[in-house]
Amino acid sequence: MKSATFKVWRGDQKGGDFQTYEVELEPGYVVLDAIHKIQAEQANDLACRWNCKAGKCGSCSAEVNGSPRLMCMTRVEDVAGDGPITVEPMRTFPVLKDLVTDVSWNYEVKASIQKMTPRKPDFEDGSWKMHQYDVERPQEFRKCIECFLCQDVCHVLRDHQMHGEFAGPRHFVFAAQAEMNPIDVGDRVVQLREELGIGYCNITKCCTKVCPENITITDNAIIPLKERVVDRSYDPLAKLARAIFGGSGEE
Amino acid sequence: MSQYQEFEHDVLVIGAGGAGLRAAIEAAAAGVRVGLVCKSLLGKAHTVMAEGGMAASMGNVDERDGWQTHFADTMRGGQYLNSWRMAELHAKESPERARELEAWGALFDRTPDGKILQRNFGGHKYPRLAHVGDRTGLEMIRTLQDHGIHQGIDVHMEVTVTRLLKDGDRCVGAFGYDREQGRFRVFKAKAVVLATGGLGRAYLVTSNSWEGTGDGHSLGYHAGAELRDMEFIQFHPTGMIWPPSVRGILVTEGVRGEGGILKNNEGTRFMFDDIPPLYVDQTADTPEEGWRYVTGDRDARRPPELLTRDHVARKIVKEVQEGRGSPHGGAFLDIAWIKEHIKDSEAHIKKKLPSMYHQFKELAGIDITKEPMEVGPTTHYAMGGIAVDPDTQMTTTVPGLFAAGEVAGGLHGANRLGGNSLSDLVVFGQRAGEHAARFAKENPSYSVSEAEIEGAAVEALAPLERGATQVGPFQLQFELQTMMQNKVGIAREEKALSEALGTIRQIAEQLAEVGSGGNRWYNPGWHTALDMKHLLTVSEAIAISARERKESRGAHSRLDHPEKDAAWSTFNHIVRKGADGEMVIERRDIPPIRQELQDIIEEEG
């Protein structure tokens, strides 16, 4: 493959359209290389975010041929078909310009989630005893690079635009890593139900499918959190036990 | 007059990687109002790319380790051009900084008895690097970010600073623009911390992201700060080299720490050929001893693949030059071979090096559990940087201006040990934050000049007002990077360095004519034109310092002066802006080391 045709969405908040660019390819080209080449040679002001170009920072999220992908980890030969390759911004967030979207809402949601609070240290030097099996599960969640592709694909956000009531998969993964941190004494169960809207997730697993870090978002993060919410809020025995012995939860 | 938005903070931190975040957290804890400016979104800074780990002599895996050994290793690695005081503070304080990260949510890999696990790394005598697989940098930046957002810090995302503001000698703020709409911003502050990271984008083949354009080095320099040791640029020995699209992307030293070996196209493990005198006693004699070392035998010595980065990089270049390179001009890095020793090696490699597995699988179509990788040197790190007071991190010449992390010079001397960067960020980030807050409290009054703001605004708008030009900003950047790669790269000589300085001046003249099309909204062409000033400044500082140092030491190799010369071991090169605006270079003697530290160096051998 010597060259490829790209249709790149150009525009801003007022609107825009796809523009066609012909790009000469080098071996191993990823979509981000093609975007950079367009930027350097044909359209200096083509806006896109990127940092590491190695799938570690989660900046270059976009929709390639309609699928949410990291442009730096998407090889052109893997997405090239008969027609042109389309590249457009994530559709769940408001566009700023070209491929750049306003993702600031994600940062606001995260700041609203109860922060991690450690228990008293186990050792005199201020450290804790934790075994590898204690940290394995939350370590999976901490692989998250905050590319927000899971947010982009989640239909609760994408189709129903419930940004006010639903935190989205990224933030359930974030809450899960704090909840499952062996030394954390915080409790986010009530918040997950009342503010973060975890009940709206109907586990279609779209988020898990697009995660470039292969985090098992639905099975390992969301479902266990849902179970905690259900146990706390709807289990009559647990409710009775709390009434007698005390403890956190809702009445 | 130009329009701008104005912000006022007690302490302004420029840069939000590990050092900037740590500085901001510390300053906020001291009770002052803190602003944090990041060029990208929060949490995307280059710290996320760090892989191998954070050096801290906790002694969890080998109790013989302690700050003294870490100090001596750092000094030896830096060929004794380091600031010994910074090396001392760094070795003493990094364990506490590592444990503090755990309190803030970091989850490092564990030892069997439930402590933070530590791994072997080049130049470190004992297993010392706290790590999480090969994504330690991500763990660190995310921990600092998630803790930082609850400390009342004002974060300015996607804002680029183009100039520092002065009140007399003192630094009192910064001028910049937001990427989103190109609106100007003026930050007024009682103290400013530069934590802008590195300058790898001055070169064509680099592990650095677009952000690494030496902004802080250049902002500091133009504001009157001194730069030191700028000739020392670390070329990391193992970057990806094929396909071209991935050239330069880092392959962690952790691959070698886990037993990976380097071979040439004849299948020879060439690192055994030539061991530097400083390290002969610490290096394994046989592959068998090397393997015992990486698997934790305390009596074994490290394999030669874990010698310092400068040496390994030069050895790879030599193999290529002498016709024994890999097909695409590098060496073979083989981790798959450990199947000879480990039963379930495939799962082991995926567990220990998950992102390397991922990176080669997706980008190069290589399964590293089965085949060797092709690797070669990539521009990775600037040892040199802004000259600071070792205890406070305040610049030597500009009151109120501090620097921490890669942008500051001194800790690493002529060569940095792997793992000493992540610890550098938090040790000196903390110190810079603490002392910047103190300076702000002690020096509350200052004024900012409108004329200076107007000057900065005119300068920032110039490329846009010129409109699109025949030669655009990206072409000019490419021209500079190509030249730096060829003439100021891993092997240097007088003639090429002089030519480089000529080309830098010529490109600077061209830059004055270069413009970009489009408008002020998120315009990468315009942004690149503005970044070019910084790239040119750091390129000149590197080339001038490299031409001046007529010996080979650490990361600096001169073909015309191939030997290390003791006469060059007593001073550092200092670069500053002269009275007439020209770059001036001078020698500054290294202050005499404290006797107890000298004793440690001699005892540790």
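## Domains of chain B

In this predicted model, the domain assignment of chain B gives three parts: domain 1, made of the segments 5–49, 68–93, 133–234 and 380–450, domain 2, covering 237–378, and domain 3, covering 462–589. The centres of domain 1 of chain B and domain 2 of chain B, taken over C-alpha atoms, are separated by 32 Å. Where these two domains touch, domain 1 of chain B contributes 14 residues and domain 2 of chain B contributes 18 residues. On the side of domain 1 of chain B that faces this contact, the residues divide by class into 3 nonpolar, 8 polar and 3 charged.

A cis peptide bond is also found in chain B, between W242(B) and P243(B), with an omega of about -5 degrees. P243(B) belongs to the loop that runs between β11 (233–240) and α6 (254–257) of chain B.

## A helix pair in chain B

Helix α2 of chain B, residues 67–77, and helix α3 of chain B, residues 84–103, have axes that come within 8 Å and cross at roughly 140 degrees. An angle over 145 degrees would count as roughly antiparallel and one of 65 to 115 degrees as roughly perpendicular, and α2(B) and α3(B) are therefore oblique to each other. The crossing of α2(B) and α3(B) is right-handed.

The residues that bring the two helices into contact can be named on both sides: W67(B), H70(B), F71(B), T74(B) and M75(B) come from α2(B), and they meet W84(B), A87(B), E88(B), H90(B), A91(B) and K92(B) from α3(B). Sorted by class, this contact of α2(B) with α3(B) holds 6 nonpolar, 3 polar and 2 charged residues.

## Chain A as a whole

Chain A has 251 residues, of which buried residues make up 47%, and its secondary structure comes to 11 helices and 7 strands. Taken along the principal axes, the C-alpha atoms of chain A fill a box of roughly 70 × 45 × 30 Å. When contacts in chain A between residues at least 6 apart in sequence are considered, 62% of them join residues at least 24 apart.

The domain assignment divides chain A into domain 1 (3–101) and domain 2 (104–245), and the C-alpha centres of these two domains of chain A lie 31 Å apart. Their contact takes 11 residues from domain 1 of chain A and 12 residues from domain 2 of chain A. The side of domain 1 of chain A that touches domain 2 of chain A has, by class, 5 nonpolar, 4 polar and 2 charged residues.

## A covered helix in chain A

Helix α7 of chain A, residues 169–179, is mostly covered, with 11 of its 11 residues buried.

## Where the two chains meet

The contact between the chains takes 49 residues from chain A and 50 residues from chain B. On the side of chain A that touches chain B, the elements giving two or more residues are α1 (31–41), β6 (95–97), α3 (104–112) and α4 (132–141) of chain A, and the largest share, 4 residues, comes from α4(A). By class, the residues on this side of chain A divide into 23 nonpolar, 12 polar and 14 charged.

One residue of chain A that reaches across is N44(A), which touches A468(B), G472(B), P473(B), F474(B), S516(B), G517(B), G518(B), P524(B) and G525(B), and also Q39(A), when residues up to four places away in sequence are not counted. N44(A) has its place in the loop between α1 and β3 (61–64) of chain A, and it counts as buried because 25 C-beta neighbours lie inside 10 Å.

## Two loop residues with positive phi

N65(A), which is not a glycine, has a positive phi of about 50 degrees, and it is found in the loop between β3 and β4 (67–70) of chain A. N65(A) counts as partly exposed, because it has 17 C-beta neighbours inside 10 Å.

E146(A), likewise a residue other than glycine, has a positive phi near 55 degrees and is found in the loop between α4 and α5 of chain A. E146(A) counts as buried, because it has 26 C-beta neighbours inside 10 Å.

Technical notes. Residues are numbered from 1 along each chain as its sequence is written. Chains are lettered from A and ligands numbered from 1 in the order in which they are written. This is a predicted model: local features need pLDDT of at least 70, side-chain atom pairs count only at pLDDT 80 or more; totals for chains, interfaces and linings use all residues. Axes are lines fitted to C-alpha atoms, for helices over the stretch in contact, and angles run from 0 to 180 degrees between N-to-C directions. Angles under 35 degrees count as roughly parallel, over 145 as roughly antiparallel, 65 to 115 as roughly perpendicular and the rest as oblique. A crossing is left-handed if the near helix is turned anticlockwise from the far one by less than a right angle, and right-handed if clockwise. Two residues are in contact if their C-beta atoms, placed from the backbone, lie within 7 Å. Ala, Val, Leu, Ile, Met, Phe, Trp, Tyr, Cys and Pro count as nonpolar, Asp, Glu, Lys and Arg as charged, and the others, Gly among them, as polar. Domain bounds come from an automatic or database domain assignment. A residue is buried if 20 or more other C-beta atoms lie within 10 Å of its own, exposed if 12 or fewer, and partly exposed in between; C-beta atoms are placed from the backbone.
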